[in-house]
Structures are given as structure tokens and as C-alpha cells.
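Subject: Structure handover

Hello,

Please find the structure we talked about below. Have a look at it first, then read my notes.

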Amino acid sequence: KFLKSLCLNKSMEAIFYLKPSGRIFYTALVIVYFLTVLGSAVTWWFKVLPSFVFGLVLFGSSVLLLVSLVLVVLYFQLSYIKVENDSVLLKKGLVNRKSTLIPFNRIDNVKTNANLVEMLFGLKTLMIDTSGSDEIEIVLDNIPVEQVERFMDYYNKWREVHARDAA
């Protein structure tokens, strides 16, 4: 009944994914890179640093920027929430992989949060809490607002249908 009302199939295929965005980290990395280059250029201009030190700082900061960007992209590509017909699966981490599967009927509370920086970039943090646990089971930061709203709509419809079926 619920599946038909949402035009979904009965398999465990993903209905949709919630993927974090690296917008904040990309911006921060680029700002740090340019500040480093600017600081090095100023010290070189005023002859505080010799030319070869300026070159080393520029090369080193460029390498660090590229490595950081690759790691951030990998982390965000490997971290996601997979929303299935009646459950949520979190996959998170680059080196230390974490998987958490929570059926919708075990979800006790769903919260969203956005600090000032996340609001500027159109992002939110999604927190899913289950009954019987002292800590929040699923926390995924930097998810685009549209994806969080889509999840909240889907989950609220699921709850409505199952509350009607239980009554």
C-alpha cells in the first residue's frame, strides 16, 4: 500500500541517496592556499625570504592543496546515506569505514541542524536517533538542503502511512 502510493518497487534498491557536499572544504582549502601564496609573495617582495624559499613555499602549498583536495573528494564520494523502502544505510569514512543500517520503525528522532557557515553554503547536518541508544546513530554533515528536505518528506510520509495502518 505504502509502496504503491509512492510508486516504489519492493526490492531493496535505493530510492535515493543523501550525499554530503564538499563546498565548505573546497572553499576553505582554496582560501588557505591563496593566503599562503599571498603571504609568501609579500615576504619575498620585501626581501624577507630569498627567492628559492618563496619557490619552496609555493611548491609545498600547491602539493598540499592537491593532496587535500583529492582526500576531501574521496571522503565525500565514499560517504553517503542510502534511503531504501523502509530503512536507512549510512556508509562513511575514508580509512575507517563505518556502515550503519537502521530500519525506519526503529527511528526515534530525526533532527536537522545548520550552523552559520552551512547556511551560507545551503547545507545542513542530518541526525537520526534510535530508541535504545545513548548516542545519535547517524550524523552526516554538509548535506545539501534539498536532499535533507526530500528525506524528511519521504520519512514523514512513511510514518503517516504506518501510523494509519497501525490504527
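The notes below go through the sheet, the helices, a surface patch and a salt bridge.

Please keep in mind that this is a predicted model, not an experimental one.

The sheet

Three strands make up an open sheet, and their order is β5-β6-β7. The pairing in this sheet is antiparallel. As a reminder, strands of a sheet pair through backbone hydrogen bonds, and the pairing can be parallel or antiparallel. The edge strands are β5, residues 107–113, and β7, residues 138–144; each of them pairs on one side only. From one strand to the next, the twist averages 20°.

β6 covers residues 123–130 and pairs with β5 over 6 bridges. If you want a place to start looking, find I107: its bridge partner in β6 is T130.

Is β7 mostly covered or mostly open? It is mostly covered: of its 7 residues, 5 are buried. N142 lies in this strand. N142 counts as buried because its relative accessible area is 7%, and the cut-off for buried is under 20%. The phi angle of N142 is near 60°, which is a positive value in a residue other than glycine.

K124 is in strand β6. With a relative accessible area of 23%, K124 is partly exposed. K124 and S99 are 25 residues apart in sequence, and their C-alpha atoms are 21 Å apart in space.

The helices

Helix α2 runs over residues 23–45 and contains L35. Is L35 buried or exposed? L35 has 55% relative accessibility, so it counts as exposed, the cut-off being over 50%.

Helix α3 spans residues 51–78, and S61 is found in it. S61 counts as buried because its relative accessibility is 11%. A polar atom of the S61 side chain lies 3.1 Å from the backbone oxygen of L58.

Helix α5 takes in residues 145–166, including Y154. At 6% relative accessibility, Y154 counts as buried. Y154 and N85 are 69 residues apart along the chain, while their C-alpha atoms are separated by 9.6 Å.

The surface patch

L35 also belongs to a nonpolar patch on the surface.

The salt bridge

How many salt bridges does a search of the whole structure find? It finds 1. In the salt bridge between K82 and E84, the closest N and O atoms are 3.4 Å apart. Both residues, K82 and E84, are buried.

Regards

Terms used: Residues are numbered from 1 along each chain as its sequence is written. This is a predicted model: local features need pLDDT of at least 70, side-chain atom pairs count only at pLDDT 80 or more; totals for chains, interfaces and linings use all residues. Side-chain values use heavy atoms; hydrogens and water are left out. Two strands pair if DSSP finds at least two bridges between them. Helices (H or I, at least four residues) and strands (E, at least two) are DSSP runs, numbered from the N terminus. Axes are lines fitted to C-alpha atoms, for helices over the stretch in contact, and angles run from 0 to 180 degrees between N-to-C directions. Patches are made of residues with over 30% relative accessible area and no salt bridge: like charges are joined within 9 Å, nonpolar side chains (Val, Leu, Ile, Met, Phe, Trp, Tyr) within 5 Å. Accessible areas come from the Shrake-Rupley method with a 1.4 Å probe; for residues, only the protein chains shown count as cover. A salt bridge is a side-chain nitrogen of Lys or Arg within 4 Å of a carboxyl oxygen of Asp or Glu. Buried means under 20% relative accessible area, exposed over 50%, partly exposed in between (1.4 Å probe, protein chains only). A polar contact is a pair of N or O atoms within 3.5 Å; within protein, one must be able to donate a hydrogen and the other to accept it, and residues adjacent in sequence count only if both atoms are side-chain atoms.
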